[in-house]
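This report describes how the parts of a protein model meet one another. Please consult the sequence and the structure shown below while reading.

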Amino acid sequence: MEITVKIFRYNPEKDQRGHYVSYTVEADPNDRVLDVLELIKGHKDGSLSFRRSCAHGVCGSDAMRINGRNMLACKTLIRDVGANITVEPLMGLKVAKDLIVDMDPFFDNYKKMLPYMINESPLPADGRERLQSPEQRARFDESTKCIMCAACTTSCPSFWASDEYYGPAALVAAHRFVFDSRDEGASQRLEILSETNGTVRCHTAYNCTNACPRDIQVTKAIGELKMAMVTGKLE
Amino acid sequence: MAARTLPIKKRGFSFEVFMWAFTRFTVIAMYGLILAGIIGALIASARTGANFADILYWSFFPNLAESPLGKNFGMIILAKLMVIAFVLVVCGHGVHGVLEIWDDYVTSESGRRWARYIVISYAVAASLAAMYIIWIA
């Protein structure tokens, strides 16, 4: 089938502002948007820039706005988006070139969540593992699925207003450790989350949940963090 | 294994979180008060044989000086307290709504701090004035 792909283009060395360029290409309905972008870059316009790596929905590199919705280009089939496709960079982050955005504010916010295990207690008697029951593991299982693609954060109206808001992805990272029974840094993280740019900036728009390519219930996770602040319960 | 519960001081329960929780409580209280107002108006209108317009009037624009149930001092005090409670929760909820919108546009720390001073001062002043007006009505 013949499809038309309208792509946002911006070269900071040449362009004052972004513009759109349309490409008409042959594609199979079962092709992915990433395949089409590769086709355009390989055969039509080598200057087109976009991020991609694993191409199988695991690395999270190729999150972009496809027909107005944040998606992974490698997980989006042509048959699901139609013959007229508009591809744009993620919103809320500065465009570096074409479909590539500056991810620094996103990862800066992620780092603020102390995204690593904090446990100063002595190791168990056998000196090996800190054991955890399947139920305790299941408590934060969902938030371990995050691939940091930024689809959720860049679909959030609060993040569009200010990238100082930590954003859904960072809050999911906090959730992953706050509810881990082996972790002892919950109070530090909740202290950080209680700041003006923390959980209170979430207005439960649910854009993040809709955008997540891993089907993580992001808004629910943020709600659980809010409840933990009020009740103190981490189970 | 023991349940993990953080003590209050370690929950990060800041002013912002308090305002978030308060906003949720106020909206629940608002629904409760609206329901109580409508039920009260239905009962009062049933006793006095009022029509639908009267029910709406007594639900949303209660004239405390002229109760359809007569000059029952206790009832009027209760009605005044109900209206005052409604004004307080509406004011509390509205103030936080204004701050939420403000924070979308003003991201500087001082800007946000001053917004809180101004809006909360206004809310306290408006609530006090409303309470006084309702009480003397």
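How many residue pairs are in polar contact between domain 1 of chain A and domain 2 of chain A (both at pLDDT 80 or more)? The count is 3 residue pairs. The model is a predicted one, and the sections below describe the setting of this count.

## The two domains of chain A

Chain A is divided into domain 1, which covers residues 2–101, and domain 2, which covers residues 104–231. The C-alpha centres of these two domains of chain A lie 29 Å apart. Domain 1 of chain A contributes 13 residues to the contact, and domain 2 of chain A contributes 16 residues.

## The boundary between the domains

The area buried between domain 1 and domain 2 of chain A is about 1,100 Å², and carbon and sulfur atoms give 61% of this area. Three residues, A:N70, A:M91 and A:L93, supply 43% of the area that domain 1 of chain A buries against domain 2 of chain A, more than any other three residues. Across this interface there are 0 salt bridges, while 3 residue pairs are in polar contact (both at pLDDT 80 or more).

On the side of domain 1 of chain A that touches domain 2 of chain A, the largest share comes from strand β4 (residues 69–72) of chain A, with 3 residues. The residues of that side of domain 1 divide into 7 nonpolar, 4 polar and 2 charged.

## The interface of chain A and chain B

The size of an interface is often given as the accessible area lost when the parts come together. Between chain A and chain B, the buried area is about 2,300 Å², of which carbon and sulfur atoms give 53%. The contact involves 30 residues from chain A and 21 residues from chain B.

There are 2 salt bridges between chain A and chain B. A:R201 forms a salt bridge with B:D104, in which the closest N and O atoms are 2.4 Å apart.

A:T209 lies in helix α8 (residues 207–211) of chain A. Is A:T209 buried or exposed? A:T209 has a relative accessible area of 14%, and it is therefore classed as buried, the cut-off being under 20%. Leaving aside residues up to four places away in sequence, A:T209 touches A:I216, A:Q217, A:V218 and A:T219.

A:K112 is located in helix α3 (residues 104–112) of chain A. The relative accessible area of A:K112 is 38%, so A:K112 is partly exposed; this class lies between the cut-offs of 20% and 50%. Which residues does A:K112 touch, not counting residues up to four places away in sequence? They are A:Y166 and A:I192. A:K112 and A:I192 are 80 residues apart in sequence, and their C-alpha atoms are 7.8 Å apart in space.

Definitions and conventions
Residues are numbered from 1 along each chain as its sequence is written. Chains are lettered from A and ligands numbered from 1 in the order in which they are written. This is a predicted model: local features need pLDDT of at least 70, side-chain atom pairs count only at pLDDT 80 or more; totals for chains, interfaces and linings use all residues. Side-chain values use heavy atoms; hydrogens and water are left out. Contact means heavy atoms within 4.5 Å. Buried area is the accessible area (1.4 Å probe) that two parts lose on being put together, summed over both. A salt bridge is a side-chain nitrogen of Lys or Arg within 4 Å of a carboxyl oxygen of Asp or Glu. Domain bounds come from an automatic or database domain assignment. A polar contact is a pair of N or O atoms within 3.5 Å; within protein, one must be able to donate a hydrogen and the other to accept it, and residues adjacent in sequence count only if both atoms are side-chain atoms. Helices (H or I, at least four residues) and strands (E, at least two) are DSSP runs, numbered from the N terminus. Ala, Val, Leu, Ile, Met, Phe, Trp, Tyr, Cys and Pro count as nonpolar, Asp, Glu, Lys and Arg as charged, and the others, Gly among them, as polar. Buried means under 20% relative accessible area, exposed over 50%, partly exposed in between (1.4 Å probe, protein chains only).
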